[in-house]
Amino acid sequence: MDYKGLILDIDGTLYNSSKRITEATREAIFRAREAGKIIAIASGRPIPGIADVCRTLEFAEKGGYIMGYNGGRIIDVMKGEPICEVTLPDGIVAEIAALAAEYDAPVVGHAPDSLVTETPEDEIINLEARLNHMRVEKIESLADYTEHRLYKCIITGSAEKLAELEKIAAKRFEGRLSVYRSEPYFLEILPLGIDKAHAIDVLANHLGMTKDDFIACGDGFNDLTMIRHAGLGVAMANAQKAVKQCADYITGSCDDDGLVPVIEKFLIA
């Protein structure tokens with residue numbers, strides 16, 4: 001198969017465990033782009049949290065696409081043009097806040113430039129803010145928040161608690177919202193149908209391509225949909241077990257430049 005594009009998760013895939021893109025990985029991505037391949041980043045992160053990746057990979061100068069919020073906001077970086085933008089529907093945030101309160105779990109909403117929450121002291125929410133270079137804004141009530149439309153909400157907690165809450169949320173919001181964990185301690189709640197598989201379809205349609213033209217690489221639970229959906233689904237050696245089980249190909253870990261052999265074998269061979 002003559003694959004035409006590469007879609008990459010960030011944490012645990014493009015980034016190593018030190019949250020860095022190695023020079024070997026960067027050079028391989030540059031070679032793929034020079035060979036005419038499309039490079040896109042698909043992440044649960046907000047757009048500000050992908051800015052460092054864009055700079056490192058020179059998307060503004062040489063081209064590339066970012067799919068933030070698991071595909072809720074897709075941008076052609078070189079042109080500075082949005083391809084897709086979807087926010088949570090009216091009224092649903094109050095229901096999400098009520099669910100979190102019912103299970104005594106912190107919850108945070110993603111506004112365009114800040115994280116809004118009633119619990120700004122929560123350690124995991126602050127980790128999310130640091131990773132994405134966003135400020136945490138304390139609000140009195142997430143249920144009553146109307147200043148900005150929200151791209152998604154995240155409920156935080158232990159892996160055990162969220163594994164159970166994921167099932168409850170999926171049932172409660174069935175047919176209305178997308179619910180899944182991006183990390184064991186992050187339960188993400190997004191507009192219905194917004195996931196990385198949907199993002200592939202939106203980008204492919206925009207470019208006049210199909211999902212089968214793309215290689216998708218990832219390691220986390222929120223990568224499952226795109227790894228199943230793409231022409232070639234690649235799991236990192238450090239991926240969650242479920243991700244490895246559904247992948248077409250397993251490469252090295254993020255700490256061993258696992259993306260390099262994928263690029264060399266399937267894109268620039």
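Predicted model: local features only at pLDDT ≥ 70, side-chain atom pairs only at ≥ 80, totals over all residues.
Is Glu137 buried or exposed? Its relative accessible area is 19%, and buried means under 20%, so Glu137 counts as buried.

## The six-stranded sheet

Strand β8 belongs to an open sheet of 6 strands, whose order is β8-β7-β6-β9-β11-β10, with mixed pairing. At the edges are β8 (135-138) and β10 (177-183), each of which pairs on one side only. On average, and ignoring direction, neighbouring strands of this sheet are turned by 30° against each other.

Two of the strands can be followed in more detail. Strand β6, residues 107-110, and strand β7, residues 114-117, pair in the antiparallel sense over 3 bridges. Here Val108 stands opposite Thr117 in β7.

## Helices on the sheet

Which strands does helix α4 touch? Helix α4, made of residues 92-102, packs on the sheet and touches β6, β9 (153-156), β10 and β11 (186-191). The direction of α4 makes about 0° with that of β9.

Helix α5, residues 123-132, also packs on the sheet, and its contacts are with β6, β7, β8, β9 and β11. The direction of α5 makes about 165° with that of β7.

## Nonpolar cores

The largest nonpolar core has 35 residues, and the members that touch the most others are Leu14, Ile41, Val53, Leu57, Ile66 and Ile215. Several elements each supply at least two residues of this core: the helices α1 (23-34), α2 (51-56) and α10 (259-266), together with the strands β1 (5-8), β2 (38-42), β12 (214-218) and β13 (232-235). Apart from this core lies another one, of 25 residues, including Ile92, Leu142, Ala169 and Ile189.

Leaving aside neighbours within four places in sequence, Ile41 is in contact with Leu8, Ile10, Leu14, Ile50, Val53, Leu57, Phe59, Tyr65, Ile66 and Met67.

## Ile50, a buried loop residue

One of the contacts of Ile41 is Ile50, which is found in the loop between β2 and α2. What is the relative accessible area of Ile50? The value is 0%, so Ile50 is buried.

Not counting residues up to four places away in sequence, Ile50 touches Ile10, Ile41, Ser43, Arg45, Ile66, Met67 and Gly68. Take Ile10 from that list: Ile50 and Ile10 are 40 residues apart in sequence and 8.4 Å apart in space, C-alpha to C-alpha.

## Pocket and cavity

The largest pocket holds about 350 Å³ of space. Its lining has 26 residues, and those nearest its centre are Asp11, Lys19, Arg45, Glu183 and Phe186. Arg45 is also among the residues that Ile50 touches. Which element gives the most to the lining of the largest pocket? Helix α5 does, with 4 residues, while α5, β10 and β11 each supply at least two.

A search of the whole structure finds 1 cavity of 30 Å³ or more. The largest cavity has about 50 Å³ of space and is lined by 13 residues, with Thr13, Leu14, Thr25, Cys254 and Asp257 nearest its centre.

Methods
Residues numbered from 1 in each chain as written. Heavy atoms only, no water. Core = buried A, V, L, I, M, F, W, Y, C linked by side-chain atoms within 4.5 Å. Buried < 20%, exposed > 50% of the residue type's maximum accessible area, 1.4 Å probe, protein only. Contact = heavy atoms within 4.5 Å. Pairing = 2+ DSSP bridges. Axes fitted to C-alpha atoms, helices over the stretch in contact; angles between N-to-C directions. 1 Å grid on protein atoms, 1.4 Å probe; cavity = no way out; pocket = protein on both sides within 12 Å on 5 of 7 lines; lining within 4 Å. Points joined across faces, edges and corners; volume = space filled by probe spheres on them.
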